[in-house]
Amino acid sequence: MKQVVQNYKSGELAVLDVPVPGCKPGGVLVRSAYSLISTGTELMKVSEAGMSMLGKARSRPDQVAKVMQSVATNGVPATYRKVMGKLDSYTPLGYSLCGVVEQVGAGIDDVKAGDLVACAGNEHALHAELNWVPKNLYSPVPDGLAPRHAAFGTVGSIALQGVRQGASQLGEVALVIGLGLIGQLVVQLLAASGVRVVGADPDPVRCELAERLGAAACGDPASAAVESAVAELTGGLGVDQVYLAAGGGSNQPVELAARLCRDRGRVVDIGKCRLDLPWNAYYEKELDVRFSRSYGPGRYDPEYELEGRDYPIGYVRWTERRNLACFLDLLARGSVDVEPLVSHVADFDDAVETYQRLRDGELKAVAVLFRYPEAEVEAEAPAVAVPAVNVRRSPARAAKSPVRLAFVGAGNYATSMLLPHLAQREGVELSTVVTTTALSAANAQRKFGFAEATTDLDAVLGDKSVDAVFVVTRHSSHAELTRKALLAGKTVFVEKPLALTEDELAGVLAAVEESGNDRLQVGFNRRFAPLLREARQRFGTRTGPAGLRYLVNAGRLDHGSWYLQQGSEGSRFVGEGGHFIDTASWLLDADPVSVYATAPSGNEDLQVVLRYPDGSTATLSYVTSGPSGFPKETLDLIADGRALRLDDFVRASVYFEKSTAGQKRWVSSRLPKARDKGQNAELAAFVRAVRTGGPMPVPLQSLVATTAATLAVQAGLASGAPVTLAGSR
């Protein structure tokens with residue numbers, strides 16, 4: 001078999017052919033599927049190997065002390081031979097992987113050949129095709145968890161043990177110094193625990209990533225941004241815990257921890273950084289300094305790790321193995337997301353080149369995985385790309401009035417829900433209506449006062465006096481018409497959906513990039529509904545993860561409806577599901593990172609679970625089999641001891657804990673005939689943006705994320721697995 005090794009004397013890296021390890025009692029033989037490069041610990045070891053002998057000595061004073069003790073005991077010649085013999089040997093790399101059990105040793109009854117397991121240990125979870133792993137250093141992988149994600153099990157356990165040492169509590173504020181691989185995981189674990197997190201790292205890319213994954217704010221520790229964020233979140237009192245996840249020889253992390261920690265706060269050292277504690281600062285605040293030892297209790301105990309002697313749970317709740325199992329469970333349930341951390345996946349045969357690129361700085365990465373070619377593993381979870389919006393914007397238009405609007409399409413929705421709000425609006429001029437049939441255009445012109453009616457789309461797109469184009473046609477034409485209108489320089493309002501496929505979505509964004517025109521709005525009107533907006537305002541800003549439940553009683557369609565033409569118009573959910581995903585994302589103030597969808601056999605009802613970066617979840621029940629007399633849309637949002645309820649845009653309520661001072665239950669209701677789902681307010685915001693040249697009502701990246709999440713539902717139904725919403729690179 002092949003294994004990655006390093007010669008510590010020369011610094012040589014190699015992939016060697018070595019014998020297959022035997023399957024001893026008390027463990028299992030595992031064929032690797034993915035192994036994870038620790039870009040902190042392993043790269044430090046690789047870098048040290050390339051140093052001179054003096055450099056090696058300076059970097060490892062602990063080893064120098066051992067050498068001096070050996071000299072005193074055994075003499076110089078014997079010690080020299082011993083040291084040089086050890087240095088001039090190949091040593092292994094790696095300590096975190098996922099693979100398939102190939103053989104089970106005597107005394108093992110919790111897994112069998114063919115099972116997927118995550119493995120830990122710098123002597124047992126190596127970058128090698130096969131590893132023997134003792135019982136307390138592996139854990140079965142939960143169903144549905146992708147092998148490449150389970151390979152993070154060990155580093156996840158390190159982060160988890162650090163968070164346990166911090167003894168965080170719901171509602172506290174923490175500072176994470178160092179946003180490398182471990183720091184990013186600590187941020188997510190704290191956010192999932194209801195802790196507000198500030199991150200500190202000189203790399204702006206890592207800061208941005210941490211904010212996407214749940215941090216409240218991040219910044220360069222040398223700037224004032226981190227200190228300002230801590231002051232704002234804590235009222236100037238300081239954070240409850242500091243997690244040192246940084247490396248290097250600077251004492252800045254320790255000094256920053258003392259400055260920003262509250263009186264009697266906790267400082268937890270997870271990484272390997274300089275620890276010259278400034279005595280006065282730590283004494284005056286009586287700071288509690290704690291160390292986090294690797295994966296948890298059991299580490300470095302040969303009876304636990306090699307002989308399989310577990311600690312009784314009544315005395316030691318979280319051991320190495322229990323931490324590993326816990327982290328895998330958090331991954332499987334979506335409380336932690338490691339996919340955004342994967343910067344690169346390399347074939348195992350390219351291991352030496354990959355290490356060299358990392359060492360030389362050519363490959364900048366948070367996490368890198370090795371992929372092994374021969375492993376037979378479960379299919380990986382599917383992913384849908386959420387393309388990043390890249391555009392060099394054209395110069396903003398000068399404010400003007402009236403705003404001239406053209407409509408492409410004049411069907412039922414346009415004539416009942418959009419045009420009535422626009423026809424009498426001051427400062428709006430309905431310029432041209434375009435339809436495929438002459439009579440429908442003439443009817444719309446007569447009823448709403450369009451200046452012109454035509455069937456010639458190109459004439460409208462070429463009319464420089466037209467400021468904005470509404471695309472209100474059948475779903476299959478939305479993406480192409482939007483693309484053409486953007487390229488023509490028009491501001492575009494397209495009724496949902498924006499696109500029916502990932503390729504259509506990519507085509508729209510290509511038009512944005514090509515034209516520099518990102519003036520786009522999709523008709524997601526519910527976020528503009530006055531009743532819902534008032535309820536959200538009264539609910540207030542939340543601090544912890546939320547749970548949202550949205551029931552849509554969509555009802556059955558009439559036979560012959562074009563909505564049922566799935567071959568050309570897409571599924572019914574793709575057509576209108578974006579409404580409800582957008583509403584959930586607006587309420588949770590984030591875009592989803594994964595989607596899980598399931599449908600009962602034999603009907604069109606859907607259950608969709610959306611997961612968000614801070615651990616919040618939204619469960620969307622989209623049913624067509626409900627009774628017609630039941631409300632169409634009901635929504636509940638619960639977080640921080642508060643609850644918001646919306647009943648079909650007729651009634652809204654917000655509930656507070658009885659102990660919440662000065663806050664009482666709020667209830668507002670409207671007459672059914674006054675049901676307002678936000679179209680009028682949405683159109684007002686759109687017209688204002690067109691007239692003033694100001695920002696569009698909804699950021700384009702949010703529209704893209706909602707569209708990608710809607711498309712992911714179909715992918716999830718096809719695969720039966722959660723779908724990761726992955727940013728494209």
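Predicted model: local features only at pLDDT ≥ 70, side-chain atom pairs only at ≥ 80, totals over all residues.
Me: Why is Asp589 called exposed?
Reply: Exposed means over 50% relative accessible area, buried under 20%, and partly exposed in between, with a 1.4 Å probe and protein chains only. Asp589 has 65% relative accessibility, so the residue counts as exposed. Asp589 is found in the loop between helix H22 (572-588) and strand S25 (594-598), where helices (H or I, at least four residues) and strands (E, at least two) are DSSP runs, numbered from the N terminus.

Me: Why is Ala167 called partly exposed?
Reply: The relative accessible area of Ala167 is 35%, which lies between the limits of 20% and 50%, and therefore the residue is partly exposed. Ala167 sits in the loop between H6 and S9.

Me: What makes the phi of Ala167 worth a remark?
Reply: Most residues other than glycine have a negative phi, and most peptide bonds are trans. Ala167, although not a glycine, has a positive phi of about 50°, and Asp589, also not a glycine, has a positive phi of about 55°. As for the peptide bonds, the one from Lys496 to Pro497 is cis, with omega near 0°, and Pro497 has its place in the loop between S22 and helix H19 (502-515).

Me: How do you know that the buried residues of H20 line one face of the helix?
Reply: The buried residues of helix H20 (residues 530-539) are Leu531, Leu532, Ala535 and Phe539. Seen down the helix axis they fall within an arc of 95°, so they line one face; the arc is that of the directions from the helix axis to the C-beta atoms. H20 is followed by Gly540, whose phi is positive, near 85°.

Me: Why is H6 called roughly perpendicular to H13?
Reply: The axes of helix H6 (residues 153-166) and helix H13 (residues 320-332) come within 8 Å and cross at roughly 105°. Angles of 65 to 115 degrees count as roughly perpendicular, under 35 as roughly parallel, over 145 as roughly antiparallel and the rest as oblique, so H6 is roughly perpendicular to H13. Axes are lines fitted to C-alpha atoms, for helices over the stretch in contact, and angles run from 0 to 180 degrees between N-to-C directions.

Me: What makes S11 and S14 edge strands?
Reply: An open sheet of 6 strands with parallel pairing has the order S11-S10-S9-S12-S13-S14. Strand S11 (217-219) and strand S14 (288-291) each pair on one side only, and these are the edge strands. Neighbouring strands of this sheet are turned by 20° against each other on average, direction ignored.

Notes:
Residues numbered from 1 in each chain as written. Heavy atoms only, no water. Pairing = 2+ DSSP bridges.
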